[in-house]
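Please read them with the structure open.

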Amino acid sequence: LGTNRWQTYLTDELPSAVHSQFGSTNRNAVAGLSMSGGPALDIAAHAPDVFAAAASFSGCPAPSNPLATMGITTMIAGGLNNPFNMWGPPGSPAWRDHDPAVDVERLRGTALYVGASAGRPGPVDRIPVGAVPPFGGIAVEALVNYCTSLFVDALNRSGVPATVSMRERGAHTWPLFEDQLREAWGTTIAGALLTR
C-alpha cells in the first residue's frame, strides 16, 4: 500500500475534497474522541491555517508525559500493533513535536474545546440499572482525565483560550462522547465554522 501520509490526507486532500463537493464556508474543524482526541489537536497545531476549531473528547493531548506514553503504548500494543510506528521510541523528539501540551502556542487563534471526566460513572453514561459498570472505561477515563488536565495546565500557563469541560462524572462511554460533541458544537465548533 505504500506509506500512509495521514497528516497530508487530513490537512490537504480531505478538506479540498469536501469543499469542492459540498457547499461549505471553506472553514474546517477537526475533532477526535478517545485515542484520536489528542491527535485532533496535534493536527490542528501543525496546520493552523487549515483548521478554525479543534476538539478533544476524552483524549490524551499530552502524549509525551511518561504516564501518558505508557498508557498509549500499552493500548496500541494491546491491539497487536507497534506503538513505535507513530513517532519512534518513547522519548524521541517526535513524541514532543506531536504533543499539543508541549507547545500550546501553536494552537493560539484556533477555537479549542477539551473535555474529560474523572472516570466515575454517572447519568451521562446512560448505564442501565443493574448493569455491570464499565470497569475498563472507568480506568481509561481516569487516565485521559489526568492527561487532559496536563494540557489544560499548559493552556492556563500560556493564556491560550479554550472551552474546558472537566467533569466529575462520566466513564469512557459513547454517551459521554456524544454529550461532549454536542457541548463542543454549541460552545466552540459551530461559531468557528460559520464565522466569515
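1. In β4, S165 is the bridge partner of G115. Strands and helices here are DSSP runs, numbered from the N terminus: a helix is H or I with at least four residues, a strand is E with at least two. V114 stands opposite V164 in β4. β3 and strand β4 (residues 163-169) pair in the parallel sense over six bridges, where pairing requires that DSSP finds at least two bridges between the two strands. Between β3 and β4 the chain passes through helix α6 (residues 135-158), and this β-α-β crossover is right-handed. Right-handed here means that, with the strands pointing away from the viewer, the path from the first strand over the helix to the second runs clockwise.

2. On the basis of these notes: this is a predicted model, in which local features need pLDDT of at least 70 and side-chain atom pairs count only at pLDDT 80 or more, while totals for chains, interfaces and linings use all residues. Residues are numbered from 1 along each chain as its sequence is written, and side-chain values use heavy atoms, with hydrogens and water left out.

3. The overall layout. The protein has seven helices and four strands, and along the sequence they follow the pattern α-β-α-β-α-α-α-β-α-β-α. The C-alpha trace spans about 50 × 40 × 40 Å along its principal axes. A compact globule of 196 residues would have a radius of gyration near 16 Å, and the 17 Å of this protein agrees with that. The radius is taken over C-alpha atoms, and the globule rule is 2.2 Å times the number of residues to the power 0.38.

4. Surface and contacts. The accessible surface comes to about 10300 Å², and 59% of it belongs to carbon and sulfur atoms; areas come from the Shrake-Rupley method with a 1.4 Å probe, and for residues only the protein chains shown count as cover. Of the 196 residues, 43% count as buried. Buried means under 20% relative accessible area, exposed means over 50%, and partly exposed lies in between. Of the contacts with a separation of 6 or more, 73% are between residues 24 or more positions apart, a contact being heavy atoms within 4.5 Å.

5. Strand β2 (residues 51-57) pairs with β3 in the parallel sense over five bridges, and A54 stands opposite L112 in β3.

6. β1 and β2 also pair in the parallel sense, over six bridges, with L33 opposite F57 in β2. The chain crosses from β1 through α2 to β2, and this β-α-β crossover is right-handed. β1 has a covered face made of N28, V30 and G32, and an uncovered one made of A29, A31 and L33. In a regular strand the side chains alternate between the two faces of the sheet.

7. Helix α2 (residues 37-46) is mostly covered, with eight of its 10 residues buried. These are G37, G38, A40, L41, D42, I43, A44 and A45. Their cover includes α1 (6-21), β1 (28-33), β2, α5 (93-97), β3 and α6.

8. Helix α7 (residues 174-194) bends by about 60° at W185. The bend is the angle between axes fitted to the seven residues ending at a position and the seven starting there. Buried residues in α7 include P175, L176, F177, Q180 and A184, and also T188, I189, A190, A192 and L193. The buried residues of α7 pack against β1, β2, β3, α6 and β4.

9. F84 is in helix α4 (residues 84-87). F84 is partly exposed, with a relative accessible area of 41%. Leaving aside neighbours within four places in sequence, F84 is in contact with T73, P89 and P90. The C-alpha atoms of F84 and W95, 11 residues apart along the chain, are separated by 9.9 Å.

10. Two loop residues to check by eye. N26, in the loop between α1 and β1, has a positive phi near 60° although it is not glycine; N26 is exposed, with a relative accessible area of 55%. L80, in the loop between α3 (66-78) and α4, likewise is a residue other than glycine with a positive phi, near 60°. L80 is exposed, with a relative accessible area of 78%.

Key. Buried < 20%, exposed > 50% of the residue type's maximum accessible area, 1.4 Å probe, protein only.
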